[in-house]
Amino acid sequence: MNVYIAYFNLEDITHYEFLQIADSAAPTFSKLRDFISKVSFCDEAHSPGGGIYTWSIKQAKDKFAASELFTGAVLRGLSKGTGITQLT
């Protein structure tokens, strides 16, 4: 199993907006090859939020990390205070 943990600074959006974004992205992720799951998290009181992305193989995880979906859609607008942790 291969995992990315992405965390974002959510100062510019509300907790509710973050949850809406996360929910609306679910169908897109479910169609990705070798994708297992995505779990969103958000600390309403302190602003950080993010996602835990799980893949069955490392190549799929690496392809996702280089994709427009991740670099564009996932990180766009959330780059201030954004970080990525890789677990394999």
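## Surface and burial

The chain's accessible surface comes to about 5,500 Å², and carbon and sulfur atoms hold 57% of that. Areas here come from the Shrake-Rupley method with a 1.4 Å probe, and for residues only the protein chains shown count as cover. Of the chain's 88 residues, 31% count as buried, where buried is under 20% relative accessible area, exposed is over 50%, and partly exposed is in between (1.4 Å probe, protein chains only).

A word on the ground rules: this is a predicted model, in which local features need pLDDT of at least 70 and side-chain atom pairs count only at pLDDT 80 or more, while totals for chains, interfaces and linings use all residues. Residues are numbered from 1 along each chain as its sequence is written, and side-chain values use heavy atoms, with hydrogens and water left out.

## Layout of the chain

There are three helices and four strands, and along the sequence they run β-α-β-β-α-α-β. Both kinds of element are DSSP runs numbered from the N terminus, with helices being H or I of at least four residues and strands being E of at least two.

Helix H1 covers residues 15–30, so 16 residues by the DSSP runs. From first C-alpha to last it reaches 23 Å, close to the 22 Å expected at 1.5 Å a residue; that expected span is 1.5 Å times one less than the number of residues.

H1 isn't quite straight, though: a kink of about 25° lies at Ser24, shortly before the proline Pro27. The bend at a residue is the angle between axes fitted to the seven residues ending there and the seven starting there. The buried residues of H1 are Phe18, Ala22 and Phe29.

## The nonpolar core

What makes up the largest nonpolar core? Twelve residues do: Tyr4, Ala6, Phe8, Leu10, Phe18, Phe29, Phe35, Tyr53, Trp55, Ala60, Phe64 and Phe70. In soluble globular proteins, nonpolar side chains tend to be buried together.

Take Phe35 as one member. Leaving aside neighbours within four places in sequence, Phe35 is in contact with Phe29, Ser30, Thr54 and Trp55.

Asp34 sits in the loop between H1 and strand S2 (35–42), and has a positive phi of about 65° although it is not a glycine. Asp34 is partly exposed, at 28% relative accessible area. Beyond the neighbours within four places in sequence, Asp34 is in contact with Trp55, Ser56, Ile57 and Ala60. Asp34 and Ile57 are 23 residues apart in sequence, yet 6.7 Å apart in space, C-alpha to C-alpha.

## Two salt bridges

The count is two salt bridges, each a side-chain nitrogen of Lys or Arg within 4 Å of a carboxyl oxygen of Asp or Glu. Asp34 pairs with Arg33, the closest N and O atoms being 3.6 Å apart; Arg33 is exposed at 72% relative accessibility.

The other bridge joins Lys58 and Asp62, with the closest N and O atoms 2.5 Å apart. Both residues lie in helix H2 (residues 58–66), four residues apart, so about one helical turn separates them. Lys58 is partly exposed at 41%, and Asp62 is partly exposed at 29%.

Conventions. Core = buried A, V, L, I, M, F, W, Y, C linked by side-chain atoms within 4.5 Å. Contact = heavy atoms within 4.5 Å.
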